[in-house]
Amino acid sequence: MPAGVVDAAAKGVKLERHAVLLRRAAGAKHLVSASSHLLFRATVLATLALVVLFAVHYPSLLSHSFTLSAAPASPSSTPRSRHSHRSLLGSGASSSYGRGAAWEREVRRSATPRRDGALSVLVTGAAGFVGAHCSLALRARGDGVVGLDNFNAYYDPSLKRARQRLLASRGVVVLDADINDAALLERLLSAVPFTHVLHLAAQAGVRHAMRAPQAYVASNVAGLVALFEAAARHADPQPAVVWASSSSVYGLNTEAPFSEDHRTDRPASLYAATKKAGEAIAHSYNHIYGLSITGLRFFTVYGPWGRPDMAYFSFARSIVAGEPITLFRTADGADARRDFTYIDDVVRGCLGALDTAGKSTGSKSGKKSGPAPLRVYNLGNTSPVPVTRMVAILEKLLGKKAHKRVVTMPSNGDVPFTHANVSHAARDFGYRPATSLEDGLRHFVDWFVRYYKVNVRGGGNVLAGKTAKRKSMPMSAAS
Ligand SMILES: NC(=O)c1ccc[n+]([C@@H]2O[C@H](COP(=O)([O-])OP(=O)(O)OC[C@H]3O[C@@H](n4cnc5c(N)ncnc54)[C@H](O)[C@@H]3O)[C@@H](O)[C@H]2O)c1
Ligand SMILES: *[C@@H]1O[C@H](CO)[C@@H](O)[C@H](O)[C@H]1NC(C)=O
């Protein structure tokens, strides 16, 4: 073959290869642009879906930021005089909460202590189980209390409203607001001289975190930061903050009883992880701003006005309704055990932590005069009880047998047992849990049958009147 032909043929082959490569490249570009179109559409759709979800789950948050944005300037962006700090409503914001000066007087009255040396406490999550009890106890001993709660529908909001009415009857106002409403928190903390903040608002529940992970991030991480920001940088002087962490931070810890210096780096649920994150965030606010912060690790708190999503409560409901309950057994066949802690004991612990919280050392200017206290305490009962024993006590009190289903504990949040060592809380504020599970559950059942107008046979408690309207039973799943 003449060399030229070979050359040309080779060139042709080369050209052909080149064309193929070009076509492939074009095809790939096509693919890339097509997929980026798809990606773009998917992102837009996902964003829309998130916005809708957010609006559904946080209607109060949206409406508050809307009304607040109607105020002339955001409090953090304008230097304000001391005088304007003293107005709770802020100029132009009188319509924000629609209640004007009379409402402001009401908040200030609620915040005012009734004896010398008493505290003035902002209680977040005050329409919740622990928050309502703590608010009542503080009020009863003469402290000033203002509550705050977003009344979300994680469990029956009518129970939260009922607690709010109870608090109102004792002179405690509970504001309908979200802790992520930074502008409201700043205004509240700069206008009312709170000595303490008891921060209990949170997204609770271990297994619900798999269904609504972002709710945990929003309330337990973002909300905690909003609260610390307002307390550290907008209150003058800074209040001391006591907040609820959780025994769940011990996660898969096997050393018992759980002590504050044990490992907490193996959370078994997102809920636990957000509480652990909260403890780290607390450290940074204490370090930077001199904020006095105390974290309380509660162990399975129960009692009257309790949380319908918790096992003791939903078991009581199921036993009364004749529905089956699910009990967990560990892989090696042992019953799950909990260090059940009665609400009155926990309330005493919370008040003890408030009373012994040292002062914050920072100021609005951002300078701290020295290190401020940073503490963490277990608040438990120190005696873990098999969950089957808790059920047996409920059966006796309700005069009815439970239909039990026993399954192996899934590894989706629950831990086999909890057990508190409370020696630090005992040493620092005399914390001594004093209520047995039998006594505590009796108080709970007494409240439960009255509140839901349940007919209890065998327990001697026939309380339901014929004409009494039944409250609808809580519907959450067992936890
Ligand atoms: N009950 C327990 O056994 C237990 C155990 C460990 C830790 N804790 C912690 O103790 C605290 C109180 O728990 P509880 O049992 O009273 O729960 P709860 O759900 O009854 O109370 C929390 C309250 O906070 C409110 N809230 C939630 N997110 C909010 C937000 N973003 N803004 C404003 N309010 C909001 C809720 O409406 C609710 O009324 C929580 O921080 C919880 O994580 C409780
Ligand atoms: C409880 O904690 C204290 C202080 O850390 C410790 O001295 C004590 O031994 C612990 N108790 C038990 C039973 O482990």
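**Exercise 1. Find the residue in β11 that is the bridge partner of I293.**

Solution. In β11, I293 has L374 as its bridge partner. Step back to the strands, which are DSSP E runs of at least two residues, numbered from the N terminus. Strand β6 (residues 293-298) pairs with β11 in the parallel sense over six bridges; pairing calls for at least two DSSP bridges between two strands.

A word on the model: it is predicted, so local features need pLDDT of at least 70 and side-chain atom pairs pLDDT 80 or more, while totals for chains, interfaces and linings use all residues. Residues are numbered from 1 along each chain as its sequence is written, with chains lettered from A and ligands numbered from 1 in written order.

**Exercise 2. Work out the strand order of the open sheet, and which strands stand at its edges.**

Solution. Seven strands line up as β3-β2-β1-β4-β5-β6-β11, with parallel pairing. The edges belong to β3 (173-176) and β11 (374-379); each has a single partner strand, so one side of each lacks a neighbour in the sheet.

**Exercise 3. Describe how helices α5 and α6 pack.**

Solution. Start with the geometry: α5 (residues 129-140) and α6 (residues 157-169) have axes 10 Å apart, at an angle of about 5 degrees. Axes are lines fitted to C-alpha atoms over the stretch in contact, and angles run from 0 to 180 degrees between N-to-C directions. Helices are DSSP H or I runs of at least four residues. The two helices α5 and α6 are therefore roughly parallel to each other, a label for angles under 35 degrees.

Conventions
Angles under 35 degrees count as roughly parallel, over 145 as roughly antiparallel, 65 to 115 as roughly perpendicular and the rest as oblique.
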